[in-house]
Amino acid sequence: MASRQELSDFLAGVERRAFKQAQYAVRDSDAALDIVQDAMMKLSEKYSDRPASELPLLFTRILQNATYDFFRRQKVRSTWVTLFSALSPGHEDDNSDPLETLEAMAGSPAAESAQDQVERSQVVAIIEEEVARLPTRQREAFLMRYWEDMDVAETAAVMGCSEGSVKTHCSRATHALARALKARGIQL
Amino acid sequence: MNEKEFGYRIRQALNEAAAGLDYKTTYRLEQARAAALARHRGPAASPAWNPALQTAGSADGGSRLGWFGSFGLAAPIVALIVGFIGIYQWQQQQLPERMSDLAAMDFAVLMDETPIGAYADKGFGIVLRGETEDL
């Protein structure tokens, strides 16, 4: 059974990645925070009797289900919202484009190190954008394998598919990402 | 560059992005973590049996005990209902016997087996009324 301290350490170590993964999926920071909070609560409430070694897989699965639940709720809500869509404010999805910030700062007399920092953050932001654009299953498989350090079998167990499918998703995600980044002038 | 190496470089970029989260987001994550830990059921917080604090179906462990608790409450009520049904059935079984007794007396009267003078006798009337009331 995972102790309170073990659970706390685990959540502290995983919360930022979980938030980012949820954000890539739903493309909304507030919704992503809600999803992560739901997942944390479910893990703590329902699976605190499980050993600490099982927490990573369980949490990944819970987070995935919480994200799917969000989309289900959104689908139901959208049937009502579409009736009033003309009255709703404009979407804010594209307001966080890092390129805009970069262009604004390019003209400023910034030090060279600061410019490097900005360029790096620009690259990171573009990578994040492209990761978020991947098809859901490909993104899930890729992030679990290369960000969460899960092996193929664990990823397959969480995704509920075969190991062959995981390899296929990962391969497709890698190729799609490489192609997209190359098109935007980023060579890793 | 192979898939693993590419994945590793993407991972570095994503780690950097996660490390650079703004204060508002990290604060909310901390709050979420604290709220989740508040719901953690540690070993000390789960007594084996504590009926006074029992709430039916409140949690996974408690739901089984809660079911037993509900059953304990429902058992006397069920027994009472079964008792009522038994009494009703017994009365229903007794009813034809009473009816047949009354019918036999009426039959006897109608068949004129009782001497006509008996009806004029006060005592017979009293006995007859008494028997009827008893029945």
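## Where the chains meet

How many residues does the contact take from chain A and from chain B? Chain A gives 36 residues and chain B gives 28 residues, where two residues are in contact if their C-beta atoms, placed from the backbone, lie within 7 Å. This is a predicted model, in which local features need pLDDT of at least 70, side-chain atom pairs count only at pLDDT 80 or more, and totals for chains, interfaces and linings use all residues. Residues are numbered from 1 along each chain as its sequence is written, while chains are lettered from A and ligands numbered from 1 in the order in which they are written.

On the chain A side, helices H1 (4-26), H2 (29-46), H5 (112-133), H6 (136-146) and H8 (163-183) each supply at least two residues. By class, that side has 19 nonpolar, eight polar and nine charged residues. Here Ala, Val, Leu, Ile, Met, Phe, Trp, Tyr, Cys and Pro count as nonpolar, Asp, Glu, Lys and Arg as charged, and the others, Gly among them, as polar.

## Chain A by itself

Chain A has eight helices and zero strands; helices (H or I, at least four residues) and strands (E, at least two) are DSSP runs, numbered from the N terminus. Among its contacts between residues at least 6 apart in sequence, 61% join residues at least 24 apart.

## H6(A) against H8(A)

Which residues of H6(A) meet H8(A)? Among them are A:Arg137, A:Phe142 and A:Arg145, and the H8(A) side includes A:Val166, A:His169 and A:Cys170.
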